[in-house]
Amino acid sequence: MLKNILLFLIAAFSMTQIRIVGYIGIAELALLACGPFLLGKHWKALRRDGFAPFLVLAGLWASSAVVTDLHRENSTNNMLKGVAAPLVMIFATPCLYLLLRDDVRRIKWAIVGFTVTLFLSTYVMPSGFSVAMAAEQGISAREAAEEYKLTYMSLVLSVVSLVPMLAYWQVPTLSTLLTLGMAVFSLLQGGRSTFLGLLMSAAFLALIGGRLDRLKRLSRNMVALLVVLTLMGLGALLIYGAAVTHGYLGETELRKYELQKDSRIGLLSGRSHFVVAFYAWCDSPILGHGSWAIDYNGYEERALDWVMPNQTIKAGSVSLGWIPTHSHILGALVWHGLLGGIFWCYVLWLVERTVRYRLGVVPELFGYFAYTMPPMLWAILFSPFGGRVATITLLVVCLLARNIDQCRRRASAPARVT
């Protein structure tokens, strides 16, 4: 029971932030305090269960962050904020591992906690993002959080998603219909990437259809699954285009759509920061530019000029600010160099292996995986690294699923005759 409560509390306070140098979650502070002790004490068990590559690569990322910031003569504040991400990754892992290793199905307590944290960080202890928006607009942090266009959508989704994540096998049809309904709702709220992710989740849920035998055969039908997911992605683009051009999403979204559809990368120009980050990384691929690096070299102007060649981008029209990355992997590459990118490449591989081979290792996890894997893949490529505790929790569950699978394979392998 204690482990259940601890998992709930870690998740519930993962996004309730306080300011120490930068904004950091209350749960993250607790994990950073306990993690070093638990890591040293349980290193052999972590290594035995396959966590060593993950932790070593995260450690190399943290080392590269420090070396890069020292080389770039970055400020102490920026250095501490920059190295916080890999350090939380490292020291949260043994804590979550110890809470889940004997029964990974205990993750349901964290799932409920992650729903609670969204409400707490909106109405009780606003996040640093909300505080920053409030400062810009001259309003309270709570008002800023409530006015952000995706806040309401996220709150509703967090509650509705509890059904498929916790009770998919009891109500598979309802879970699929709720997911499709939330996809439509997110589209009408302007959450295009959320819309796409939910359609992918609905595809997973519908293909399994509440049948365990289909889940066990999933890895053998991966090509068919990829075809279905690709068609779903294309369908999502067509649905979005039809909705916006018929005026269902409002004038602002229509203007954005018309501007983006003529760019070199189409609707992905909404994630044009990906191109900015790529330019910046190519200029310094080994060490990176440092945490919260300023765009002194005009990467954003160059990227916009390439993405939208029909739009005239005047020199100096983009205000000087941080190099925009908007990507887990490119953010690590731009800030901290090659070792940060290698860590996220390993994470991509881990997620791909989980989707391909381990969705059915613990059937009770399927709803959780179906809901978290599509947005995780999108975030690694196209979103900044936020929601760190939720991300680390998912990766710990992936590693535990891999360990369970490997233990079963070894147990079922025929004994060698000596």
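1. Helices here are DSSP runs of H or I with at least four residues, strands are E runs of at least two, and both are numbered from the N terminus. For background, most residues other than glycine have a negative phi.

2. Before going on, the ground rules. This is a predicted model, in which local features need pLDDT of at least 70, side-chain atom pairs count only at pLDDT 80 or more, and totals for chains, interfaces and linings use all residues. Numbering runs from 1 along each chain as its sequence is written, and side-chain values use heavy atoms, with hydrogens and water left out.

3. Glu-73 also has a positive phi, about 55°, although it is not a glycine. You'll find Glu-73 in the loop between α4 and α5 (76-100). At 72% relative accessibility, Glu-73 counts as exposed.

4. Now the overall picture. The protein chain has 21 helices and two strands. It runs to 418 residues, 48% of them buried. Taking contact as heavy atoms within 4.5 Å, look at the pairs at least 6 apart in sequence: 75% of those contacts join residues at least 24 apart. The exposed surface comes to about 20000 Å², with carbon and sulfur atoms supplying 63% of it; the areas are Shrake-Rupley values with a 1.4 Å probe, and for residues only the protein chains shown count as cover.

5. Which aromatic residues group together? Phe-54, Trp-61, Phe-343, Trp-344 and Phe-385 form one aromatic cluster. Rings of Phe, Tyr and Trp (its six-membered ring) pair if their centres lie within 6.5 Å; planes under 30 degrees apart count as stacked, over 60 as edge-to-face and the rest as tilted. The chain has 16 aromatic pairs by that rule. In one of them, Trp-61 and Phe-385 have ring centres 6.5 Å apart and planes at 40°, so this pair is tilted. It links distant parts of the chain, 324 residues apart: Trp-61 is in helix α4 (residues 52-71), and Phe-385 is in the loop between α20 (366-382) and α21 (388-412). Trp-61 is buried at 3% relative accessibility, while Phe-385, at 21%, counts as partly exposed. Phe-343 and Trp-344 make an edge-to-face pair, with centres 5.2 Å apart and planes at 80°. Phe-343 and Trp-344 are both buried.

6. The charged end of Lys-81 sits over the ring of Trp-292, 4.9 Å from its centre. The rule asks for NZ of Lys or CZ of Arg within 6 Å of the ring centre and within 35 degrees of the ring normal.

7. Cysteines: how many disulfides are there? Zero, with a disulfide taken as a pair of cysteine sulfur atoms within 2.5 Å. For Cys-34, the nearest cysteine sulfur is that of Cys-95, 5.5 Å away. Cys-34 is partly exposed at 41% relative accessibility, whereas Cys-398 is buried at 0%.

8. Last, Ser-175, in helix α11 (residues 172-188). Buried or exposed? Buried, at 0% relative accessibility. Leaving aside residues up to four places away in sequence, Ser-175 touches Val-163, Pro-164, Ala-167, Tyr-168 and Leu-205.

Note on methods. Buried means under 20% relative accessible area, exposed over 50%, partly exposed in between (1.4 Å probe, protein chains only).
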